[in-house]
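The sequence and the structure come before the discussion.

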Amino acid sequence: MNAKQLKKIHIWIRAIIQLLYFIFIPSVYTAAFAGVKYIFTQIGAGEKVALTSFVTVLIVVCVYTAVFGRFFCGFACAFGSLGDGVNALYRLICKKMKKKPMQIPDRIADRLVYLKYVILVIIVFMCYGGVYSKAQGTSPWDVFSMIHAGNFKLNGYLIGLVILVLLIVGMCLEERFFCRNFCPMGAVFSLVPVLPVFALHRDRESCIPKCSACSRKCPANIGLPTDGSWKVEGDCFQCQKCIDTCPKKNIHCGVKKIRGNEIWFTILRALILLGLCIWLGV
């Protein structure tokens with residue numbers, strides 16, 4: 001099997017995992033972030049923070065992320081998968097029409113990445129102040145969850161629907177637009193201290209001068225840490241695209257014997273996450 005065939009298999013495996021999680025387990029994201037909102041609502045009210053089901057989901061998903069990196073974001077998040085699907089469809093339409101896809105200029109895209117932290121802080125302060133409930137109907141992920149569940153009674157959710165439509169437009173123009181720029185749970189994940197064991201690194205000494213193929217292919221537009229570094233890129237979605245793109249096969253996990261996109265390793269992480277989701281009841 002040559003590298004091109006193996007790359008196609010990796011693409012299809014990821015697409016199948018994303019589709020299965022999108023259809024059958026779409027609520028992990030909302031459950032985890034509900035844990036964040038609950039914690040700060042309780043703190044603001046001076047009440048005890050109990051180990052509710054939402055808090056448990058938040059803790060478990062964060063621990064999973066600390067071990068395996070943001071595999072959840074790259075393979076299992078329904079909103080992330082929606083973005084990948086929308087972006088792929090838009091590019092396919094442009095290809096059929098023989099038109100160049102529109103893109104957000106890099107100078108703007110690089111500044112938008114900080115918005116997710118601003119959104120997280122705003123939501124946290126609203127929960128802490130006990131006023132988050134007044135913003136009901138403005139959440140695009142709530143609207144998405146309702147539509148996904150077949151509930152189209154969106155009275156009172158007009159603002160959230162408009163924001164969702166705008167995000168979908170952004171997803172067309174930039175790969176992982178929501179994840180990179182607007183996802184408050186993504187902001188939480190980017191702050192989780194990820195162990196370097198399964199985080200991606202690259203052997204820069206063997207890189208082709210001025211290649212940067214991995215960075216150009218990366219939807220988060222990040223550079224990977226050098227071998228031996230304990231640094232971990234918090235915005236890495238673990239999509240594995242950089243691994244297949246590298247012409248020198250220099251990219252691998254902290255454990256050098258594992259590249260990170262082996263079929264068995266990808267399926268293993270997906271199954272571990274599935275087991276956790278079943279255990280959590282989400």
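## Salt bridges

The side chains of Asp84 and Arg176 come together in a salt bridge with an N to O distance of 2.9 Å, where a salt bridge is a side-chain nitrogen of Lys or Arg within 4 Å of a carboxyl oxygen of Asp or Glu. This pair links distant parts of the chain, with Asp84 in helix H5 (residues 78-96) and Arg176 in the loop between helix H9 (158-173) and helix H10 (177-181), 92 residues apart; helices are DSSP runs (H or I, at least four residues) numbered from the N terminus. Both Asp84 and Arg176 are buried, a class for residues under 20% relative accessible area, while exposed means over 50% and partly exposed lies in between (1.4 Å probe, protein chains only). The model is predicted, so local features need pLDDT of at least 70 and side-chain atom pairs count only at pLDDT 80 or more, whereas totals for chains, interfaces and linings use all residues. Residues are numbered from 1 along each chain as its sequence is written, and side-chain values use heavy atoms, with hydrogens and water left out.

Asp235 forms a salt bridge with Lys116, the closest N and O atoms being 3.7 Å apart. Because Asp235 lies in the loop between H12 and H13 and Lys116 in helix H7 (residues 115-128), the pair ties together parts that are 119 residues apart in sequence. Lys116 is buried, at a relative accessible area of 1%. Salt bridges that share partners also join Arg14, Asp84 and Arg176 into one network. The structure holds seven salt bridges.

## Cysteines

A search of the whole structure finds zero disulfides, a disulfide being a pair of cysteine sulfur atoms within 2.5 Å. For Cys172, which is in no disulfide, the nearest cysteine sulfur is that of Cys94, 8.4 Å away; with 18% relative accessibility, Cys172 counts as buried. Cys183 is likewise in no disulfide, and the nearest cysteine sulfur, that of Cys77, is 6.1 Å away. Cys183 is buried, with a relative accessible area of 7%.

## Nonpolar surface patch

Trp12, Ile16, Leu19, Leu20, Ile23 and Phe24 form a nonpolar patch on the surface, together having about 680 Å² of accessible area. Such patches are made of residues with over 30% relative accessible area and no salt bridge, in which like charges are joined within 9 Å and nonpolar side chains (Val, Leu, Ile, Met, Phe, Trp, Tyr) within 5 Å. Accessible areas come from the Shrake-Rupley method with a 1.4 Å probe, and for residues only the protein chains shown count as cover. Ile23 lies in helix H1 (residues 3-24) and, at 44% relative accessibility, counts as partly exposed.

Note on methods
Helices (H or I, at least four residues) and strands (E, at least two) are DSSP runs, numbered from the N terminus.
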